[in-house]
Every structure is written in C-alpha cells, then in structure tokens.
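Here are my notes for you to read alongside the model. Take the points one at a time and keep the structure open as you go.

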Amino acid sequence: MTAPDSIDATAQLLARGDYVADRQLATAVFLALKLGRPLFLEGEPGTGKTEIAKVLAAGLGAELIRLQCYEGLDVASAAYEWNYARQMLEIRLAEAAHESREQLAGGLFTERFLIERPLLRALLPAAVPPVLLIDELDRTDEPFEAYLLEVLSDFQITIPEWKTVRAERPPVVTITSNRTREIHDAVKRRCIYHWVGYPDAAREFEIVRRKVPAAREALSRQIVAFVQSLRTMDLYKLPGVAETIEWSRALLALDAVVLEPETVNNTLGVLLKYQDDIARVQGSEAAKLVERIRAEVAVARTQDAACRD
C-alpha cells in the first residue's frame with residue numbers, strides 16, 4: 001500500500017487500525033512519511049506511542065522491525081555482529097586445507113558471517129520499506145544515541161571490516177521515549193517531533209469504544225470519566241490509555257454493567273501500579289468518585305436524549 005497523500009488520509013489509515021489520532025498527531029505522521037524523516041514520539045508511558053508504529057506497519061503492509069532499547073544496549077545487539085563461532089570453524093578448516101592467510105582473511109568478513117540485528121535489517125532491500133520501531137530510546141545511554149546519528153541522517157550503517165550498507169529505500173522510522181531522561185538535541189533535530197499526551201474524554205471514549213466494543217456505552221463513559229478524574233489527582237504514576245483499555249476489559253470480564261465502589265476497589269491494581277496510589281484512591285475516595293461520575297453520566301445521557309427529541 002502506498003503512503004497516504006494527505007493529513008486526512010493519514011488519519012484514516014490510523015483509524016482503520018483503531019488508532020484515534022488528533023489532528024496534530026496525524027499531521028506529524030503525515031510529514032514524517034512525506035519527507036522521509038524519522039518520527040520522534042515522546043510522552044508518558046501508556047499513551048499509545050508504540051501502537052502508532054504497529055498500526056503504520058499494518059496499514060502500509062510493511063514488516064515491523066522492533067528494537068527494544070535497554071540500558072547497556074550496544075551495536076552488536078542493535079545493528080550487527082560477526083558470527084565468531086563460524087569464523088573460528090572456517091579458520092580451522094582453512095588451516096587443515098593449508099590455505100594461505102591472504103585467502104583466509106579475504107573470506108572471513110563477508111555477508112555469510114554477518115548476523116543482522118534490527119537496525120541493519122531495516123536498511124536491507126525489501127519490496128515494501130519496513131517500519132523500524134526504536135522503542136524507549138531513553139532507556140539507553142548517550143554513546144548509543146551517537147551511533148544512531150548515522151542511521152537517522154543517511155539511513156546507512158558503516159561496517160569497518162566490510163562496507164557501508166545504505167538503504168535503497170529508507171525505512172519508516174518511529175522512535176519513542178518515556179522521557180525518563182532527556183534525549184540529545186542531535187537526535188531530535190533529525191526527526192519530526194511530537195508529544196503524545198493523555199487524550200481528552202471524548203477521544204478516550206472513542207478509543208475505548210474501538211478497543212473494547214463489547215462494553216456498554218454507559219460503562220465505557222463511566223470508566224473514561226473515572227480515569228480522567230484520577231489524572232487530576234496527585235498520584236505517583238497516572239494511568240495511561242493502555243490502563244484504561246485494560247481496565248475496561250477487566251470490568252467486562254467481571255460482567256460489570258456500571259461502576260460499583262466494591263468492583264472499583266477490587267480492580268484498582270489494573271489501573272494503578274503503586275500501592276501508595278491505590279491506598280489513596282481506595283475506599284471512601286473511590287466511592288465518592290463513583291457516585292459523582294454515575295450522576296454526571298446520567299445527566300449527560302438525559303441531556304443528549306432531550307437534544308435528540
């Protein structure tokens with residue numbers, strides 16, 4: 001499938017993958033595709049940054065190549081490494097056959113001994129350029145960021161013992177960061193930047209409606225209102241959209257029709273991941289939130305019905 005030719009077409013591509021994007025995000029994705037620039041997505045965990053790459057890969061009919069970042073990630077794990085075990089075997093076989101050192105050296109560093117890791121794989125020829133997801137770049141350290149500059153600028157990797165591998169058609173690159181540390185400006189300058197924040201209530205309801213279609217409308221609206229209320233509180237870790245979706249599925253599995261204080265108390269661990277946050281919300285605070293939200297949703301539905309009449 002060809003890349004979308006407009007912002008509206010980009011939003012539609014994302015929507016077909018059940019990703020509800022606002023206009024700014026759709027614009028950033030469109031420009032990244034149109035200009036052939038990496039897309040740098042920063043924001044809180046659980047706001048849908050990784051999902052964008054998955055939806056793009058599915059929508060474009062491309063392979064998704066994912067590089068999950070972590071502390072201590074190096075070139076051997078991210079880009080390429082030589083198969084030293086096979087090279088040693090080749091050396092022994094060559095010595096047994098009494099081959100010259102020149103013949104041996106010329107054959108050791110060739111493609112058949114090269115192990116391709118995600119960055120290199122993304123640059124190799126493909127019928128459809130792949131989507132390269134560099135996930136949670138903030139988990140790595142600065143030396144790895146410096147190594148990425150060649151990949152992001154020229155879509156190439158220099159392998160000193162062999163050659164420089166350059167992409168015939170650049171991959172679609174998406175980089176995510178949870179901002180546990182600042183990423184160097186040199187990386188960001190090579191990218192189209194977008195901050196992925198928490199959605200407003202209307203967009204989050206649409207997300208839940210798409211991701212958990214079996215949930216009743218009243219329950220979905222109450223879930224969204226409850227999560228939106230939690231995000232106004234001084235919690236250690238606010239719930240993301242991923243937690244909203246997971247909580248919706250959990251409540252559906254419990255056959256919930258509307259929010260009940262007891263059910264909320266028993267399932268807060270799906271939404272909140274720190275005991276101090278759970279203890280703050282549990283009990284009377286949760287009961288008050290549920291009572292207020294159920295009343296607000298009921299009033300809103302009554303007003304909607306009156307408007308339709």
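1. Start with phenylalanine 155: its relative accessibility is 10%, so it counts as buried (buried means under 20% relative accessible area, exposed over 50%, partly exposed in between, with a 1.4 Å probe and protein chains only). You'll find Phe155 in the loop between helix 8 (142-154) and strand 6 (156-158). Helices (H or I, at least four residues) and strands (E, at least two) are DSSP runs, numbered from the N terminus. Phe155 has a positive phi of about 50°, although it isn't a glycine. Most residues other than glycine have a negative phi.

2. A quick word on what you're looking at. This is a predicted model, where local features need pLDDT of at least 70 and side-chain atom pairs count only at pLDDT 80 or more, while totals for chains, interfaces and linings use all residues. Residues are numbered from 1 along each chain as its sequence is written, and side-chain values use heavy atoms, leaving out hydrogens and water.

3. Now arginine 179, in the loop between strand 8 and helix 9 (185-188). Its phi is positive too, near 60°. Is Arg179 buried or partly exposed? Partly exposed, with a relative accessible area of 44%.

4. Five strands form an open sheet in the order 2-5-8-1-9, with parallel pairing (two strands pair if DSSP finds at least two bridges between them). Strand 2 (64-68) and strand 9 (192-196) are the edges, each pairing on one side only. From one strand to the next, the twist averages 20°.

5. Zoom in on strand 5 (residues 131-135) and strand 8 (residues 172-177): they run parallel and are joined by four bridges. Isoleucine 134 stands opposite isoleucine 175 in strand 8. Helix 3 packs on the sheet, touching strands 1, 2, 5, 8 and 9 (contact means heavy atoms within 4.5 Å).

6. Lysine 49 belongs to helix 3 (residues 49-60). Which side chain of opposite charge is nearest to Lys49? That is glutamate 136, 7.0 Å away, and the buried lysine has no salt bridge (a side-chain nitrogen of Lys or Arg within 4 Å of a carboxyl oxygen of Asp or Glu). For charges, Lys and Arg count as positive and Asp and Glu as negative; His and the chain ends aren't counted. A polar atom of the Lys49 side chain does lie 3.3 Å from the backbone oxygen of glycine 43. Leaving aside residues up to four places away in sequence, Lys49 touches several others, including Thr176, Asn178 and Val196.

Notes
Polar contact = N/O pair within 3.5 Å; in protein donor to acceptor, adjacent residues only side chain to side chain. Axes fitted to C-alpha atoms, helices over the stretch in contact; angles between N-to-C directions.
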